[in-house]
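User: I am new to reading protein models. Can you walk me through one, feature by feature?

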Amino acid sequence: MIHSFRLASCLVLAAVLAGSLIAAAQEKGSTAKRLAPNQKQAVPKPDLSVDEARMIVKEIPSVDIRATLGVWKLAEPELAQLRQWSGLLVESPARTDFLPKWNELIRQATSRTPQIKESNVTSLIRMVMLAAYEEAQKNLTATAGPAPADVYKELQEQIRSNLAEARQLQALMGSERRDPLSGSRLSLPAHQRTLRKCDVAGQPKKVECREVLVSASYELEDYISVSETQLQKAEEEAKRGGGSGSERGQEKRRQMLYALSDVAKVMHDSAVEVIRKMGG
């Protein structure tokens with residue numbers, strides 16, 4: 001049961017400023033309770049800010065599963081529902097159609113366990129998000145393919161190998177007489193005049209090569225010149241991390257995190273409202 005919500009440590013974002021916003025909210029609540037009877041107490045709003053919702057997702061790795069289950073004392077059918085909702089969020093991180101059942105689960109749990117507080121909602125939401133976050137990260141990693149920077153490093157090696165072969169061919173030509181306009185025809189067998197042209201293509205990105213046949217000295221010189229320029233560009237792309245491909249991967253991760261954050265906000269606000277109604 002606990003292991004079903006375990007998050008692979010190598011795939012999660014580092015939790016920054018852990019619990020600072022939630023701790024501040026709890027401190028604010030404690031201060032309000034210490035107000036004198038004749039002081040007016042402002043009615044707190046259940047709504048979570050966007051930044052606070054982001055924090056719920058960023059702190060997913062810090063959730064204490066055992067402690068959370070100890071507080072909520074959920075029955076096995078309720079745990080099965082949580083696992084089901086995690087699966088739904090894997091398929092679509094922005095879906096909220098399970099919200100009515102979520103509210104009912106909160107109502108039933110609060111009825112059984114009156115000591116449940118508003119501050120306990122966050123850890124339960126993190127527990128629901130945990131499996132979804134892990135699975136979504138796995139899916140992104142599985143479909144992303146090789147890191148773009150690594151692909152361009154592989155391309156560099158291929159181009160260097162191609163250039164070495166081209167220069168060997170150039171050396172074999174020796175001092176053959178060349179026509180000033182068209183160069184000289186290469187009298188070598190076709191297999192010795194066959195070179196490779198490589199580039200990055202496809203999605204996910206990978207190095208693809210095709211064979212090219214050079215028949216004249218000017219074609220060989222042009223091949224070498226183009227390959228040298230291509231090598232320089234590949235080195236620049238590797239330094240940038242692969243350009244737009246890497247940026248698209250990061251953008252997908254951001255979109256997934258933002259979607260989960262939006263769902264976490266809705267789950268939190270509705271659960272807190274249920275708990276307040278239960279408390280009169």
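User: Let us start with one pair. How many residues apart in helix α9 are K265 and D269, and what separation is that in helical turns?

Analyst: First, a caution: this is a predicted model. Now the general idea. An α-helix has 3.6 residues a turn, so residues three or four places apart point the same way. Here, K265 and D269 are 4 residues apart in α9, so about one helical turn separates them. Their side chains meet in a salt bridge, 3.4 Å from N to O.

User: Are K265 and D269 buried or exposed, or something in between?

Analyst: They fall into separate classes. K265 has 23% relative accessibility, so it counts as partly exposed. D269 is at 11%, so it counts as buried. The cut-off for buried is under 20%.

User: How many salt bridges does a search of the whole structure find?

Analyst: Side chains of opposite charge can pair when their charged atoms come close. The search finds 10 salt bridges here. Some share partners: E91, R95 and D97 are joined into one network that way.

User: Which helices hold R160 and E235, and how far apart in the chain are they?

Analyst: Always check where each partner sits. The R160 and E235 side chains form a salt bridge at 3.1 Å, N to O. R160 is in helix α7, residues 148–173, and E235 is in helix α8, residues 217–239. The two are 75 residues apart, so this pair links distant parts of the chain. R160 is partly exposed at 40% relative accessible area. E235 is also partly exposed, at 29%.

User: What span should the 26 residues of α7 have, and what do its end C-alpha atoms show?

Analyst: At 1.5 Å a residue, α7 should span 38 Å. Its end C-alpha atoms are 38 Å apart, which agrees. Then ask which residues are hidden. The buried residues of α7 include V151, Y152, L155, I159, L163, A166 and L169.

User: What is W102 in contact with, leaving aside neighbours within four places in sequence?

Analyst: Skipping close neighbours shows what the fold brings together. W102 is in contact with L82, W85, L124, I125, V128, M267, S270 and A271.

User: Last, the strands. How many bridges join β1 to β2, and which way do they run?

Analyst: Read strands by their pairing. β1 (residues 194–201) and β2 (residues 206–213) run antiparallel, joined by 8 bridges. For example, R196 has E211 in β2 as its bridge partner. The two strands form a hairpin with 4 residues between them. In the turn, G202 has a positive phi of about 85°.

Terms used. Residues are numbered from 1 along each chain as its sequence is written. This is a predicted model: local features need pLDDT of at least 70, side-chain atom pairs count only at pLDDT 80 or more; totals for chains, interfaces and linings use all residues. Side-chain values use heavy atoms; hydrogens and water are left out. Two strands pair if DSSP finds at least two bridges between them. Contact means heavy atoms within 4.5 Å. A salt bridge is a side-chain nitrogen of Lys or Arg within 4 Å of a carboxyl oxygen of Asp or Glu. Buried means under 20% relative accessible area, exposed over 50%, partly exposed in between (1.4 Å probe, protein chains only). The expected span of a helix is 1.5 Å times one less than its number of residues.
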